[in-house]
2 protein chains.
Amino acid sequence: MTTSLRETILQLFRSTPTGFVSGAQISRTLGVSRTAVWKQIEKLRELGYCIEAVPSKGYRLMQSPDVLLAEELSAGASGQLIGCRIRTLETTDSTNLQAMALGDAGAPEGLVVIADRQTAGKGRLGRSWISPGGVNLYLSVLLRPPVLPAAAPQLTFLSALAVCRTIEDVSDLQPQVKWPNDILLGGRKVAGLLNEMSSETDRVNHVVLGIGINLNVMRAELPTQVRYPATSIAIETGRPVSRLEFTTLLLRRLDELYAAYLVEGGRPLLTAWEAYCELTGQMIEVDCQQRRIHGQMAGIDDDGALLVKTSAGVERILAGDVRPARR
Amino acid sequence: MTTSLRETILQLFRSTPTGFVSGAQISRTLGVSRTAVWKQIEKLRELGYCIEAVPSKGYRLMQSPDVLLAEELSAGASGQLIGCRIRTLETTDSTNLQAMALGDAGAPEGLVVIADRQTAGKGRLGRSWISPGGVNLYLSVLLRPPVLPAAAPQLTFLSALAVCRTIEDVSDLQPQVKWPNDILLGGRKVAGLLNEMSSETDRVNHVVLGIGINLNVMRAELPTQVRYPATSIAIETGRPVSRLEFTTLLLRRLDELYAAYLVEGGRPLLTAWEAYCELTGQMIEVDCQQRRIHGQMAGIDDDGALLVKTSAGVERILAGDVRPARR
């Protein structure tokens with residue numbers, strides 16, 4: 001993963017004690033012309049960086065904007081694995097597609113792909129995930145867990161927990177989870193998870209944890225024709241969320257949960273997830289491929305399958321859409 | 001999938017009632033020069049095609065060699081899905097890698113990739129599959145079954161059945177199966193299966209059935225340092241197998257088994273597989289990742305997991321290497 005010119009310049013600003021870096025110094029370090037340096041400084045200013053130019057002293061970085069550059073994120077990352085390598089993209093089809101392709105090509109575990117905007121954001125079951133630029137977070141993590149393919153669905157619960165805890169880190173909101181892969185605030189969807197896997201019959205090649213979170217998108221910008229009502233953290237709190245801060249904290253949560261998972265396995269994740277699930281014990285309806293099931297939500301089993309207590313006994317459901325039962 | 005010039009020429013030979021096709025006619029049909037036609041005819045002769053040239057009449061195909069060209073195979077294919085589209089390669093890294101990449105790119109279900117030789121043939125758990133050119137069969141089938149990821153391992157048993165039945169079609173040999181993915185003749189490995197999958201948590205994107213079969217490789221050419229003794233159909237019968245005939249029959253078997261699977265599900269496959277498994281009821285040793293299990297092989301369950309009756313009860317094993325127990 002090569003660091004871009006812009007990221008190297010930001011690195012120079014941060015590593016200099018006086019704060020000032022001369023154009024000549026940048027030009028020398030990067031091995032490019034003074035004109036090229038000037039163009040990169042202009043580009044950083046366009047991105048929202050406030051950069052002062054003082055004659056005979058050089059450039060100085062006064063303020064960073066809320067953009068997601070790999071360099072900014074790495075500066076805040078403290079993890080052992082997840083977040084040590086970050087690839088940020090302004091626009092991409094889908095961060096999951098990119099991360100899966102990088103996985104196929106042998107990229108190392110822990111690699112994170114983040115896009116400012118997705119043109120073909122993916123939801124589960126071939127649905128789309130609305131992904132406007134500049135306001136939200138679209139992130140995919142490449143992992144190579146030493147588990148059997150049948151255990152990999154547990155990692156969806158890891159993503160869910162990381163998102164819930166990060167929402168708690170940055171706000172007083174109380175997130176809930178909806179099986180299998182949604183995060184809700186006040187009953188409205190704020191985040192969706194899409195895990196994808198490449199596997200052999202008895203070995204996982206790689207897994208990608210896909211996470212899409214509505215951070216700052218406002219109500220007027222949300223699509224009206226959706227399967228489930230949506231919201232954002234900013235709508236719920238009434239103030240914007242720093243994308244940089246949220247992403248940094250989320251990467252730390254993911255890293256600590258994955259480290260624990262490798263030692264303790266999936267059961268603690270599932271138990272912690274259940275504590276965020278307000279439908280547990282309530283009457284629900286589940287639309288499966290062929291039929292609709294009514295019953296009481298009885299929790300999830302070790303494979304992450306939904307357990308529903310019906311008049312005929314406990315049904316074990318591997319895929320479906322859950323709603324509270326109509327009264 | 002575009003048809004190559006050579007395959008179009010073979011198609012012309014087959015479709016003409018007299019058997020004769022003039023150089024001018026080939027040149028016109030293909031839209032290439034007479035010199036280019038002559039070069040393709042020479043190349044076909046190098047590949048083993050016996051082509052007669054009669055002045056004022058043209059070319060005539062006298063005999064086809066035992067090479068695997070998509071056109072030759074398609075001519076014999078009768079299936080509805082598997083084998084309707086075939087991509088043949090002289091040399092590739094691994095037909096599974098190629099088929100998985102084609103699946104990622106959206107290629108249609110039923111596509112078959114065949115290579116004459118593999119430079120990085122894959123066995124399960126990252127092992128290699130020795131793949132010399134010109135003698136054996138290395139084939140991958142791309143499928144998009146409408147099943148949950150947890151059910152996909154059943155398709156390994158579909159491949160196994162197709163291979164066993166094709167061996168019976170072309171010989172009097174009695175193939176046996178070894179869990180999870182080997183085909184044996186007289187206790188020696190003749191074929192290996194490697195299924196790979198791209199999936200979401202609750203949806204299969206695509207599955208590739210990888211099949212490697214030792215058809216004509218001779219004893220002296222087999223590697224000596226192997227995990228399990230190997231053999232080939234030709235070693236066991238004492239006469240060569242037509243690669244073209246075997247492949248054509250195998251594609252038909254795969255197609256008919258997959259059509260049945262889509263209607264009846266996996267249980268009939270598992271039952272039929274068990275009939276080929278001579279270890280059923282016998283004492284076995286299974287090397288799993290962490291430990292070795294001793295017990296009586298009790299069959300396979302609906303997910304394709306191995307059931308072993310031990311002193312502590314029935315163990316359900318998802319991954320491991322099976323051997324008859326040492327006396």
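**Domains, symmetry and a helix pair**

In this predicted model, the C-alpha centres of domain 1 and domain 3 of chain A are 57 Å apart. These domains belong to a division of chain A into three parts: domain 1 covers residues 5-63, domain 2 covers 70-275, and domain 3 covers 283-324.

The next matter is how the chains are arranged. Two copies of a chain are related by a rotation about an axis and a shift along it. Here, chain B is superposed on chain A by a rotation of 180° with a shift of 0.0 Å along the axis, and the RMSD is 0.1 Å. This is the relation of a two-fold axis. Which residue of chain B comes closest to the rotation axis? That residue is B:Ser198, whose C-alpha lies at 2.3 Å from the axis. Of the interface residues of chain B, 95% are also interface residues in chain A, so the copies meet through the same surface.

Within chain B, one helix pair may be examined in detail. Helix 1 of chain B, residues 5-15, packs with helix 3 of chain B, residues 34-46, at an angle of about 85°, and their axes are 10 Å apart. Because angles of 65 to 115 degrees count as roughly perpendicular, helix 1 of chain B is described as roughly perpendicular to helix 3 of chain B. Helix 1 of chain B contributes B:Leu5, B:Arg6 and B:Ile9 to the contact, while helix 3 of chain B contributes B:Gln40, B:Lys43 and B:Leu44. Sorted by class, the contact between these two helices of chain B comprises three nonpolar residues, two charged residues and one polar residue.

Conventions: Residues numbered from 1 in each chain as written. Chains lettered and ligands numbered in written order. Predicted model: local features only at pLDDT ≥ 70, side-chain atom pairs only at ≥ 80, totals over all residues. Least-squares fit on C-alpha atoms with pLDDT ≥ 70 in both. Contact = placed C-beta atoms within 7 Å. Domains from an automatic or database assignment. Axes fitted to C-alpha atoms, helices over the stretch in contact; angles between N-to-C directions. Helix = DSSP H or I, 4+ residues; strand = E, 2+ residues; numbered from the N terminus. Parallel < 35°, antiparallel > 145°, perpendicular 65-115°, else oblique. Nonpolar A, V, L, I, M, F, W, Y, C, P; charged D, E, K, R; others polar.
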